[in-house]
Amino acid sequence: MKLNAEEEAMLNGEQGEPRRWAMEHMMRVGRFFDAEDFVEVTQAHIMADTESLGEAGVKFLEGIAACTPAERQVRIPMITDPRGIDFCHYQRLRQTELMASLEQRAIDAFEAMGILMTNTCINYQTIMPPVRGEHLAFGDTGVVIYCNSVLGAYSNFEGGPSSLAAGLTGRTPRYGLHLDQNRRATRRFRVDCELRSLSDWGALGGILGARTGSYWEVPVIEGIDSQPGSDEMKHMGAAMASFGSVPLFHLVGITPEAPTLETVCDPDNLVAETITASDLDAFFTRYGGKGEKVDVVVFSAPQLSLLEMQSLAELLDDKHLHPDTSLLACTSPVVAADARRLGLVERIEASGALVLEGMCFYQSYAREMGEANGWKRLMTNSVKLTNIIGGYGYEPTLSNMENCVASAIAGEVL
Amino acid sequence: MQNIELVCHVGVGPTVTGEALVTDDNFSARYDLDRIAGIFSRPQHKLVGYSYVDKIMVFNTAKGGVASAWMLHEMKSRGIAPRAILFNNVNPILAQGAALADMAMCDRFADGDVTRLIKTGDQVTVNPGIGMVTINHAGKAGKH
């Protein structure tokens, strides 16, 4: 890879061990993907819940945090994805003191590096939405696909180590989605069904993700006849990234890089595959569980926006959950503060539900929480969550928010 | 039996040898594994119930989830990890994870679909530095 003088200095250790490690790490990755040089990035966002970090990852972070302030401080604004613990509620969730203590050690290390603990996967809705053409090093696949597709920014999926390396150096290897030639559509889909709920948008994302199936393929989608808002794009993108590792999509006439089909592909060389209402129905029915006891209803993955919190509050007003069913709603600290100020948290929790702040369900030791609380049947409107949570020992059911709430009140999957 | 050499893109990590466990399914450390028990746990995964410990894993591609980048490092620190992972095409997350964990990883095989070129049970040497995977001798016929 071609390095400039500053990059050479960092690689040679002249600016401390953390930046030397960061350059070495990024060069390994850059060589893997044939990057010719680095591109400067303006923001970094790091996924670093302690379930995935483990003791080894936390020790790694503490090693960097132990360096001098000049060596360990990140160079660009850097923020965090959801944590694994809400310190106000972890005991109620039967998470352990060991989990909380590991979490606190990770937080201490991040703060020593100058990283802002935003604890959110909806930073594009709440913190600093990127601008078209801005190069970024964002973690969380849902964040990346939204920022690439809806906002026209440039980011690869950056796992924790690579995000951290980008934060320490202010750059990332120039490969993948940082290159315009990799942003052209390679798959073409036509949507021929009505999308009535966030979970419908998520299901469409899941279907498109599964059919696309690769980080290196870009779907372009025609036929959407309703105007999506930010939450619709959030659910669709998160599901697409989850089911297919897809980092970018184009919606013709909606997303900024695709004002027309011809802008992103040669239509004569891409045959359109159609997604129908029966495809959507089949996606929902594969999960099953109707009539069974529901142990936990989860709204998370991605965290809820303020508008989703309002919808949830309206559905739960004057209602009480079934005594054998829990309902958890995960949101960002920013949204939680607003929701509290606006009385939404109080309305949601009056039903017996719990609002969790700064965490995301699947990043929170979901297996151990399930075992400790006897949770098996999980109901959610998040397609992304249904895709992940089976591996943690749960049996997921997918439905819209209204039916999830009604089921939590009834105590069974309706 | 003659060794078979498979050329691939230059990868990351050290040269290692081990027994292959092959599937045409995809992979995420977050979605698919019980990382404490060292087995595939996602019911829909084609390798559910199989141990991945010390295996040369062969998959089609990687799935979403940035967590795998930390998880390979964490799994290796406890000695409950694959020895190498091969893909037809990998996403950045797994490559970044292998770079941190110093785990052998390669993709983009010149001779086609690696999930068909290598069989479960084959003894395989992975040399990421030059982009070469060698099937040292024919193993028993694979199940996957």
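In which hand, left or right, does α7(A) pass α10(A) in their crossing? Let's find out in the viewer, keeping in mind that this is a predicted model.

**Stop one: two helices.** Select residues 141-149 of chain A, which form helix α7, and then residues 230-244 of chain A, which form helix α10. The crossing of α7(A) with α10(A) is right-handed.

Now look at how these helices are set against each other.

On α7(A), show the side chains of A:T141, A:G142, A:I145, A:Y146 and A:S149. Their partners on α10(A) are A:M233, A:K234, A:G237, A:A238, A:M240, A:A241 and A:S242.

**Stop three: the domains.** Zoom out and give each domain of chain A its own colour: 5-180 for domain 1, 184-285 for domain 2 and 296-410 for domain 3, as the domain assignment has them. The C-alpha centres of domains 2 and 3 of chain A are 26 Å apart. Where they touch, domain 2 brings 16 residues and domain 3 brings 15 residues.

**Last stop: back to α10.** Stay on the side of domain 2 of chain A that touches domain 3. Select α9 (198-212) and α10 of chain A, the elements that each give two or more residues to this side. The largest share, eight residues, comes from α10(A). Coloured by class, this side of domain 2 shows six nonpolar, eight polar and two charged residues.

Notes: Residues are numbered from 1 along each chain as its sequence is written. Chains are lettered from A and ligands numbered from 1 in the order in which they are written. This is a predicted model: local features need pLDDT of at least 70, side-chain atom pairs count only at pLDDT 80 or more; totals for chains, interfaces and linings use all residues. Axes are lines fitted to C-alpha atoms, for helices over the stretch in contact, and angles run from 0 to 180 degrees between N-to-C directions. Helices (H or I, at least four residues) and strands (E, at least two) are DSSP runs, numbered from the N terminus. A crossing is left-handed if the near helix is turned anticlockwise from the far one by less than a right angle, and right-handed if clockwise. Two residues are in contact if their C-beta atoms, placed from the backbone, lie within 7 Å. Domain bounds come from an automatic or database domain assignment. Ala, Val, Leu, Ile, Met, Phe, Trp, Tyr, Cys and Pro count as nonpolar, Asp, Glu, Lys and Arg as charged, and the others, Gly among them, as polar.
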